[in-house]
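Me: I'm new to this structure and would like to learn how to read it. Could you take me through it feature by feature?

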Amino acid sequence: MKPNVPKLLSLNAGFVDTMGFLMLHGLFTAHVTGNFVTLGASMAQGASGAVAKLLALPVFCVVVVAMRLLRYWLLAWGLPVLRTFLGLMLILLIVSAALAIYWGPFHDGDTWQAIATGMMLVTAMSIQNAVQKVHLSNAPPTTLMTGTTTQIMLDVADLLHGASGQQLADIKARLSVMASSLAAFAIGCMIGALAYLWVGVWCAVIPPLLVLWTSLLRDAVPAAIPQ
């Protein structure tokens, strides 16, 4: 699986989401709407981390709006947008790693230290979501795999039904891209879980390295995916 920007971002999202979930008492930092489920579980079971889960979606929304406005400003000044966004992600993930290592491990998800670390990660992943929608719109989502999995299963059904000609070529091209994105996300989840089990909060140093690698491949964006 040749690395490119979408695959590395999918790997990063899987890692960060799993790491955040384990490190911050069930907080989803990339798939922020999943926090509605874990918030309900926290309230029902009396677990910690409810405040961070409540804040995740508003923070996500504010950051996406801010990134959109920043994009207009960067374009007006002739400055690189994708490179700037990846740079901001890198800085935020470095700060997140420093906070996690300095303050962690977090035994209570409702402490201000845990909330601050979580919101820093949510901010970084909000930028990744914005990057995907604006700059990688031809690629599968890097943080949400439900739609990708659905499309893969639809394509499998079409193959079983007997696709041919151009439809078959389109399905094969789409399956290759989407399956590699899903695989990268799953690998990121697995590595994130293992890294947290092995080194605890020190695993937070890995996402900045992934984004740094991504920034070096920022021109390797995919061609249009057949619809």
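Reply: Let's begin with how the elements get their names: helices (H or I, at least four residues) and strands (E, at least two) are DSSP runs, numbered from the N terminus. M190, for instance, lies in helix α7. This is a predicted model, so local features need pLDDT of at least 70 and side-chain atom pairs count only at pLDDT 80 or more, while totals for chains, interfaces and linings use all residues. Residues are numbered from 1 along each chain as its sequence is written, and side-chain values use heavy atoms, with hydrogens and water left out.

Me: How many residues does α7 have, and how far does it reach?

Reply: For the expected span of a helix, take 1.5 Å times one less than its number of residues. α7 has 35 residues and reaches 51 Å from its first C-alpha to its last, close to the 51 Å expected.

Me: Which residues of α7 are buried?

Reply: Buried means under 20% relative accessible area, exposed means over 50%, and partly exposed is in between (1.4 Å probe, protein chains only). In α7 the buried ones include I171, R174, L175, M178, F185 and Y196. As for what they pack against, contact means heavy atoms within 4.5 Å. The buried residues of α7 pack against α1, α6 and α8.

Me: And which residues make the nonpolar surface patch?

Reply: Like charges are joined within 9 Å, and nonpolar side chains (Val, Leu, Ile, Met, Phe, Trp, Tyr) within 5 Å. The areas come from the Shrake-Rupley method with a 1.4 Å probe, and for residues only the protein chains shown count as cover. Here I187, M190, I191, L194, L197, W198, V199, W202 and V205 make a nonpolar patch of about 920 Å².

Me: You mentioned salt bridges. How many are there by this rule?

Reply: The count comes to one. In that salt bridge the side chains of R174 and D155 meet at 2.7 Å, N to O. R174 lies in helix α7 and D155 in helix α6 (residues 146–161), so the pair ties together parts that are 19 residues apart in sequence. R174 is buried, at 8% relative accessible area, and D155 is buried as well, at 0%.

Me: What about the inside? Which residues have the most contacts in the largest nonpolar core?

Reply: A nonpolar core is a set of buried Ala, Val, Leu, Ile, Met, Phe, Trp, Tyr and Cys residues joined through side-chain atoms within 4.5 Å. The largest one has 48 residues, and M23 and I127 have the most contacts inside it. The elements giving two or more residues to this core are α1 (5–23), α3 (50–76), α4 (81–103), α5 (112–135) and α7 (165–199). A second, separate core has five residues, among them I152, I171, L175 and M178. Back to M23: leaving aside neighbours within four places in sequence, M23 is in contact with A100, F106, L121, Y196 and V201.

Me: Is α5 largely enclosed or open?

Reply: Of its 24 residues, 17 are buried, so α5 is largely enclosed by the rest of the structure. Not counting residues up to four places away in sequence, Q128 touches L9, S10, N12, A13, M89, T142 and T143.

Me: What does T214 touch?

Reply: T214 sits in helix α8 (residues 206–216) and is buried, at 0% relative accessibility. Beyond residues up to four places away in sequence, T214 touches V5, L8, L9 and L86.

Definitions and conventions. Patch = residues over 30% accessible without salt bridge, like charges linked within 9 Å, V, L, I, M, F, W, Y side chains within 5 Å. Salt bridge = Lys/Arg side-chain N within 4 Å of Asp/Glu carboxyl O.
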